[in-house]
Structures are given as C-alpha cells and as structure tokens.
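Subject: Structure for your review

Dear colleague,

Please read it with the structure open beside you.

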Amino acid sequence: MKRPHGVYLVVDPKRDWPELLRQLTRALEGGLGLVQVWNHWAEGISRKQKLDFLGEVAARCGEYGVPVLMHEDWALAREAGLQGVHFDEIPADPAAIRMALEGSMIGVTVGNDLEKIERAGELGVDYISFCAVFPSSSVGSCEIVRPENIRAARGVTDVPIFLSGGIRPGNLSRLAGLDFDGVAVISGILDAADPAAAVAAYRGALLELKN
C-alpha cells in the first residue's frame with residue numbers, strides 16, 4: 001500500500017449527488033491523493049442507495065488510482081469494496097475490526113490527546129488526521145489543535161500525518177515548521193468554482209511549504 005499523502009478530500013453525501021460527483025471528478029483531475037466519504041447521509045437514504053453512491057465514487061476514484069475510505073461505518077466500507085475506513089475514535093475492539101478489514105487502510109482523527117495518538121499506533125493505523133488546525137464550520141465539533149502536539153506526534157509515530165480544519169492554500173504558510181504529509185479538505189474544494197484548480201493550488205502550496 002502506498003504511503004498516503006497530499007490532498008485528502010472528504011466528500012459530504014448530504015450534498016446533491018449529481019453535482020457532488022461532478023465536483024469529485026473535477027477534483028480528481030487536479031491530483032487528489034485520498035478520498036473519504038463522510039458518514040453524513042440525508043434522512044431516509046437506504047443501504048442500497050448508499051452502496052450505489054459509494055460505487056459511483058469508487059468507480060471515479062479507481063480511474064485515477066485514488067483510494068476511497070468510508071467514515072466510521074467499516075461494515076459498509078467492506079460491503080462496498082472500498083479501500084479502508086476512517087474513525088473519529090479508536091474502536092472498542094480494534095483487533096477484530098483490523099482482522100475484518102483484511103489489511104484495508106485505517107485512519108484515525110486525533111486532537112491534543114497524545115495518549116490517543118499512541119493508542120492509534122498500537123492499532124496499527126495507516127495515518128492520523130489532526131482536527132482542527134484552524135476554525136471551520138464543517139469541523140465545529142473538533143478542538144483547535146496546538147502546534148506543539150503536532151510536533152510531539154512525530155516523536156511517537158512515523159505514520160503519515162494529515163492536518164484538517166479551515167485550511168486554505170493561502171494559510172498553509174502558517175503551518176511551516178510542522179512535519180506533516182498532507183491536508184484534509186471539504187469546502188475548500190467542493191465549494192470551489194473549479195475543483196481541479198483548487199486541488200492544484202493546495203498541492204502547489206504544500207510543495208512550496210516543503211521546499
């Protein structure tokens with residue numbers, strides 16, 4: 001499995017699906033590294049409809065070799081044939097889930113709790129994602145992460161680190177000096193007039209930061 005990095009798009013399925021899939025396709029053209037489908041469905045959506053939607057997402061991402069993860073619902077991820085699952089909290093029985101997912105990619109959201117980061121390492125996650133770096137309407141439930149904890153995380157894990165929450169190409173320079181592998185984005189790409197250009201802008205800002 002490739003080490004995940006770059007621009008990580010979180011797809012919100014409460015949005016209009018035809019438009020969302022168009023935006024996703026354009027974003028893929030810009031060079032996404034990873035896609036997650038948020039477990040955030042409109043009321044009344046059946047499991048079959050969820051599977052059909054996930055199949056559409058997976059088909060588009062598959063054309064670009066981009067892995068698709070499901071947020072929280074690991075059983076749905078397995079049923080849909082996705083490449084992994086992202087958890088907001090470390091599951092109660094991580095060993096059983098790891099076995100059930102048969103080597104699929106697993107990510108975990110972390111914050112300022114270094115013990116959680118260490119526990120994620122024990123689970124054998126493939127990456128961790130810090131939420132939130134800056135205030136954002138789409139991550140209102142996340143605490144603001146202190147930069148010193150992002151630095152400390154590198155001392156306890158060598159897995160890829162993603163940063164999320166209010167990140168724009170124009171404020172990425174404020175993250176200079178932090179050791180991370182990519183950024184997770186929702187509205188910064190899905191609300192853009194040109195998602196491909198938005199992804200390219202994020203990638204360019206990341207490259208500039210690393211240089």
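**Helix packing**

Helix α1, residues 17-30, packs with helix α2, residues 47-63, at an angle of about 20°, and their axes lie 10 Å apart. Since angles under 35 degrees count as roughly parallel, α1 is therefore roughly parallel to α2, and the crossing of α1 and α2 is right-handed. Please bear in mind throughout that this is a predicted model.

On the α1 side, the residues in contact are Trp 17, Leu 20, Leu 21, Leu 24, Thr 25 and Leu 28, which meet Gln 49, Phe 53, Glu 56, Val 57, Arg 60 and Cys 61 of α2. Divided by class, the contact of α1 with α2 has 8 nonpolar, 2 polar and 2 charged residues.

Another helix pair is formed by α5, residues 114-123, and α6, whose axes come within 10 Å and cross at roughly 30°; α5 and α6 are therefore roughly parallel to each other, and the crossing of α5 and α6 is right-handed. The contact is made by Leu 114, Ile 117 and Glu 118 of α5 together with Asn 149, Ala 152, Ala 153 and Val 156 of α6, and the residues in the contact of α5 with α6 divide into 5 nonpolar, 1 polar and 1 charged.

**The second largest pocket**

The second largest pocket has a volume of about 330 Å³ and is lined by 20 residues, of which His 5, Gly 6, Val 7, Leu 32 and Gly 33 lie nearest its centre. The elements that give two or more residues to the lining of this pocket are β1 (6-11) and α8 (195-210), and α8 gives the most, with 4 residues. By class, the lining of the second largest pocket has 10 nonpolar, 5 polar and 5 charged residues.

**Backbone details**

Which residues does a cis peptide bond join? The cis bond joins Cys 131 and Ala 132, with omega at about 0°, and Ala 132 lies in the loop between β6 (127-131) and α6 (147-156). Glu 72, which lies in the loop between β3 (68-71) and α3 (74-80), has a positive phi of about 70° although it is not a glycine. As background to both details, most residues other than glycine have a negative phi, and most peptide bonds are trans.

With best regards

Definitions and conventions
Residues are numbered from 1 along each chain as its sequence is written. This is a predicted model: local features need pLDDT of at least 70, side-chain atom pairs count only at pLDDT 80 or more; totals for chains, interfaces and linings use all residues. Side-chain values use heavy atoms; hydrogens and water are left out. Axes are lines fitted to C-alpha atoms, for helices over the stretch in contact, and angles run from 0 to 180 degrees between N-to-C directions. Angles under 35 degrees count as roughly parallel, over 145 as roughly antiparallel, 65 to 115 as roughly perpendicular and the rest as oblique. A crossing is left-handed if the near helix is turned anticlockwise from the far one by less than a right angle, and right-handed if clockwise. Contact means heavy atoms within 4.5 Å. Ala, Val, Leu, Ile, Met, Phe, Trp, Tyr, Cys and Pro count as nonpolar, Asp, Glu, Lys and Arg as charged, and the others, Gly among them, as polar. On a 1 Å grid over the protein atoms alone, a cavity is a set of points where a 1.4 Å probe fits but cannot get out, and a pocket is an open set with protein on both sides within 12 Å along at least five of seven lines; lining residues have an atom within 4 Å of a point. Grid points are joined across faces, edges and corners, and a volume is the space filled by probe spheres set on the points.
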